[in-house]
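Please open the model in your viewer and keep the sequence beside it, so that each selection can be followed in both places. The tour moves from stop to stop, saying what to select and what is to be found there.

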Amino acid sequence: MSEALITARNLVKKFGELTAVAGIDVEVRRGEAFGFLGPNGAGKSSTMRMIGCVSPVTSGELRLFGMDPATDGPRIRGRIGVVPQMDTLDTELTVEENLHIYGRFFDIPRAECRRRTKELLAFAQLSERATSVVDNLSGGMKRRLSIARSLINNPELLLLDEPTTGLDPQARHVLWDRLYRLKQDGVTLVLTTHYMDEAEQLCDRLVVMDQGRIVAEGSPRSLIEQHSTREVLELRFPAGRNEEHGPQVEGLGERHEVLPDRILVYARDGEEALAAAHARGLQPESALVRRSSLEDVFLHLTGRTLVD
Amino acid sequence: MNTHRVTTPGPLRVLSWHLVAYKRFWKANVLSGLVQPLLYMLGLGVGVGALVDRNTGATEVLGGASYVAFVAPGLLVTTAMALGAGESMWPVMGGLKWSRGYHAIAATALTPRDIVLGHGVWMTVRTGLASSSVAAALALFPDTRSWGLIPSVLIAVWVGLAFAMPVMAFSIKAELDGAFAAIQRFVVIPLFLFGGAFYPLSQLPAAIAWLARVAPLWHGVVMARQCTTGTVQWGAAALHLGYIGLWVAAGTTLAAVRMRKRLST
């Protein structure tokens, strides 16, 4: 087993009376892609800021590369890359200036900075925009630049806070492709997301967070196996009438969830459950059979959806 | 790679960030830095100066200097004050709230303290450039041409820092940029008008003169004036510079504490 880059024991973060992170245990090993999945306010970003050594730990223990952020912050930060939730690019500077100056913050020699800048521009597919002012880039390009910038110091560990939030589907796929490539190159990735598809695509292992706590942990597949059925039948009844149909789907699958806009029936075989529903005389406006996702895991564990 | 390379101190790395952004503006800045004092000199020299110098006894109050010679060091030092204060308001708030550049820096191997000290170094460069422009303009006039302009530039930079660092400490905590207009109106402009740049404090009621002495501006103006008029009193000079230094030190310390609190929560 490879060495642990991040170890957190009973990690707590409080802001005055508010407890953002309520005692979590996490271990991330070299080469892993690790995710924090959860809705807004689950404590993901607070956790990331502590790991990024910009937010002091309230209590518990946190070690990165075996070092304590409280005493070795600058040394640890020198070895990690951070892609913050909100872009912190210098929008008045050009793309390459942004990369170059960031390298200077790590005291990377100028020649080396220039070489890395060129490489990273190619990696981020921004070579042709090297001399563009950042303000004029699209959201997806800015995000890719943020990622390129976070790689300027050759980090062993890359932290990404909601890397694709606010991007259109195509831009997200381009970004995922880049992150996947990093993962293949052996960079350890730690990311937060409230998109289950993102977590499924990128993470080898993840924890599901809710209200500052970890409610489940495992690979995307094992979480689905443990906390959901293989398939899900989605039934949509006319608006406002899903609730009343709830009792009628009882027993079609292992269990069901009634949401405002649809009913989810958890079954090993969705088609079979749909046939059974029709046999009961149920006539939904639409029906859909799909595979279980992390969204279902989250719903089952917390009784709430990820994106509200 | 050369493993014996000397590491660049953090504040200087922050300085290079400011310089990259400034690359686009410095020419226009230096040019307007030359033009503005020229306008002042013409306006004050031809208009006010002529009146004052004609008024018998005026030159005695001014320490024997012509009015333009009296005002020139005041222009030099107030320029640095206004620049140091102004550049430590919106840009600092921007670094924290708008472009969030300070957050980007804090995520690297640098620290909040580096950001504050880096701002200080940057302000030294900025006020140094601006004061040099003013000094260059002043050197064009026989009445204000003096070797004393060179030490006066250094004094102006010192005063610039005495405003930049405390204002930075203020800006880190400020929630709304409306507060900056208030500082301009109630601190910078009153000091400009009543801080001893355009007439001796002896012309003011004692209470206001005393207030003007609390701020670092007057101490710098008096010092610079002694330099340009060749009347330096070394003992007093040390006190003036030391007093200005207190503002620099207190402002820097407070800014560093506040920046750490602000960036690492």
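Two strands are said to pair if DSSP finds at least two bridges between them, and helices (H or I, at least four residues) and strands (E, at least two) are themselves DSSP runs, numbered from the N terminus. This is a predicted model, in which local features need pLDDT of at least 70 and side-chain atom pairs count only at pLDDT 80 or more, while totals for chains, interfaces and linings use all residues. Residues are numbered from 1 along each chain as its sequence is written, and chains are lettered from A, and ligands numbered from 1, in the order in which they are written.

**Stop 1: strands of chain A**

Select strand S1 (residues 4-15) and strand S2 (residues 18-29) of chain A, which run antiparallel and are joined by nine bridges. Phe15(A) stands opposite Leu18(A) in S2(A), and in this hairpin, with two residues between the strands, Gly16(A) takes a positive phi near 60 degrees.

**Stop 2: domains of chain A**

Colour chain A by its domain assignment (the bounds come from an automatic or database assignment), which gives domain 1 (1-79 + 155-218), domain 2 (92-153) and domain 3 (229-291). The C-alpha centres of domain 1 and domain 3 of chain A lie 35 Å apart.

**Stop 3: the nonpolar cores**

A residue is buried if 20 or more other C-beta atoms lie within 10 Å of its own, exposed if 12 or fewer, and partly exposed in between, with C-beta atoms placed from the backbone. A nonpolar core is a set of buried Ala, Val, Leu, Ile, Met, Phe, Trp, Tyr and Cys residues joined through C-beta atoms within 7 Å.

Which residues touch the most other members of the largest nonpolar core? Among its 147 residues, they are Leu159(A), Leu189(A), Val77(B) and Val159(B). The largest share of this core, 17 residues, comes from helix H8 (residues 149-173) of chain B, and at least three residues come from each of domain 1 and domain 2 of chain A. A second, separate core of 15 residues includes Val249(A) and Ile263(A).

**Stop 4: helix H5 of chain B**

Select helix H5 (residues 90-98) of chain B, where Val92(B), Met93(B) and Gly95(B) are buried. Seen down the axis of H5(B), the buried residues fall within an arc of 155 degrees (taken from the directions from the helix axis to the C-beta atoms), so they line one face of the helix. What covers these buried residues includes helix H6 (101-106) and H8 of chain B. After H5(B) comes Arg100(B), whose phi is positive, near 60 degrees.

**Stop 5: where the chains meet**

Two residues are in contact if their C-beta atoms, placed from the backbone, lie within 7 Å. On this basis, 23 residues of chain B are in contact with 22 residues of chain A, and helix H1 (10-22) and H6 of chain B each supply at least two residues of the side of chain B that touches chain A.

**Stop 6: one arginine**

Finally, select Arg262(B), found in helix H12 (residues 234-263) of chain B. Is Arg262(B) buried or partly exposed? Arg262(B) is partly exposed, because 15 other C-beta atoms lie within 10 Å. Leaving aside residues up to four places away in sequence, Arg262(B) touches Leu96(B) and Ile172(B).
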